[in-house]
Amino acid sequence: MATAGIPWASMVGFILDLPIIYIRKVAKQHGVSKRIEGSVNNIKNIVLVDDLIASGESILDAIHVIQHETCAKVIGIQSIINWGFPNMFELLRGYQIHSLASYEQIIISASKHKLISADDIEVMLNFYKNPFEYDWGEFYEKEADFRF
């Protein structure tokens with residue numbers, strides 16, 4: 001996945017001695033006008049690698065590009081962090097999704113190591129309940145009063 005996923009996919013490809021491609025957000029205006037950069041010849045299976053999965057929409061877009069521009073099949077999705085929003089799982093149902101950490105794991109670990117307060121946890125959980133409409137106004141007002 002472009003752009004943040006490219007370094008991670010490159011490392012995985014290098015270590016496993018596998019070819020990598022990346023998917024542009026938009027097609028180039030010159031050349032062959034494709035969104036896939038790299039050779040897809042003889043590639044039958046693809047694992048998408050990205051740094052973060054939130055809504056799942058960019059992953060789904062990449063799957064559609066792969067289906068349109070190649071004969072390959074997406075056999076899995078790997079990310080560093082997955083926010084785990086329910087709509088993402090619905091959007092990507094049928095695909096294996098693996099992540100190194102989840103939103104919940106980050107909250108639990110930060111709490112365990114006393115990096116965040118009970119108030120912070122409450123804010124984070126309230127955000128998680130409705131992430132796309134959450135109002136961060138109160139949080140930013142509190143943070144403006146914080147001094148290092």
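Two strands are taken as paired if DSSP finds at least two bridges between them. Helices (H or I, at least four residues) and strands (E, at least two) are DSSP runs, numbered from the N terminus. The structure is a predicted model, in which local features need pLDDT of at least 70 and side-chain atom pairs count only at pLDDT 80 or more, while totals for chains, interfaces and linings use all residues. Residues are numbered from 1 along each chain as its sequence is written, and side-chain values use heavy atoms, with hydrogens and water left out.

By this criterion, strand 3 (residues 45-53) pairs with strand 4 (residues 73-82) in the parallel sense, over eight bridges. Within this pairing, Asp50 stands opposite Ser79 of strand 4. Together with helix 2 (residues 57-69), strands 3 and 4 make a right-handed β-α-β unit. A crossover is called right-handed if, with the strands pointing away from the viewer, the path from the first strand over the helix to the second runs clockwise.

Ile75 lies in strand 4. Contact here means heavy atoms within 4.5 Å. Not counting residues up to four places away in sequence, Ile75 touches Asn45, Ile46, Val47 and Gln96. Ile75 is partly exposed, with a relative accessible area of 41%. The classes are buried (under 20% relative accessible area), exposed (over 50%) and partly exposed (in between), computed with a 1.4 Å probe and protein chains only.

A nonpolar core is a set of buried Ala, Val, Leu, Ile, Met, Phe, Trp, Tyr and Cys residues joined through side-chain atoms within 4.5 Å. The largest such core has 18 residues, of which Leu48 and Ile66 touch the most other members. Strand 3, helix 2 and strand 4 each supply at least two residues of this core, and the largest share, six residues, comes from helix 2. Leaving aside neighbours within four places in sequence, Ile66 is in contact with Ile23, Ile36, Ile46, Leu48, Ala72 and Val74. A second, separate core of six residues includes Phe85, Tyr103, Ile121 and Tyr128.

Aromatic rings were examined next. A pair of aromatic rings is described by the distance of the centres and the angle of the planes. Rings of Phe, Tyr and Trp (its six-membered ring) pair if their centres lie within 6.5 Å; planes under 30 degrees apart count as stacked, over 60 as edge-to-face and the rest as tilted. The structure holds eight aromatic pairs. In one of them, Trp83 and Phe127 are edge-to-face, at 5.5 Å centre to centre and with 80° between the planes. This pair links distant parts of the chain, as Trp83 is in the loop between strand 4 and helix 3 (86-91) and Phe127 is in helix 5, 44 residues apart. The rings of Phe127 and Tyr134 have planes at 85° and centres 6.0 Å apart, so this pair is also edge-to-face. Phe127 is buried at 7% relative accessible area, whereas Trp83 is partly exposed at 26% and Tyr134 is partly exposed at 24%. One aromatic cluster is formed by Trp83, Phe85, Tyr103, Phe127, Tyr128 and Tyr134.

Several loop residues were also examined. Arg35, in the loop between strand 1 and strand 2 (36-37), has a relative accessible area of 16% and is therefore buried. The side chains of Arg35 and Asp61 are joined by a polar contact of 2.5 Å. A polar contact is a pair of N or O atoms within 3.5 Å; within protein, one must be able to donate a hydrogen and the other to accept it, and residues adjacent in sequence count only if both atoms are side-chain atoms. Beyond four places in sequence, the residues that Arg35 touches include Tyr22, Asp61, Val65 and Glu69.

Ser55 is found in the loop between strand 3 and helix 2 and is buried, with a relative accessible area of 16%. The Ser55 side chain reaches the backbone nitrogen of Glu57 at 3.2 Å. Apart from neighbours within four places in sequence, Ser55 is in contact with Phe85, Asn87, Met88, Leu91 and Phe132.

Asp17 is not a glycine, yet has a positive phi of about 55°. Asp17 is placed in the loop between helix 1 (5-16) and strand 1 (22-23) and, at 70% relative accessibility, counts as exposed. Lys114, in the loop between helix 4 (103-112) and helix 5 (118-129), likewise has a positive phi of about 55° without being a glycine. Lys114 is exposed, with a relative accessible area of 72%.
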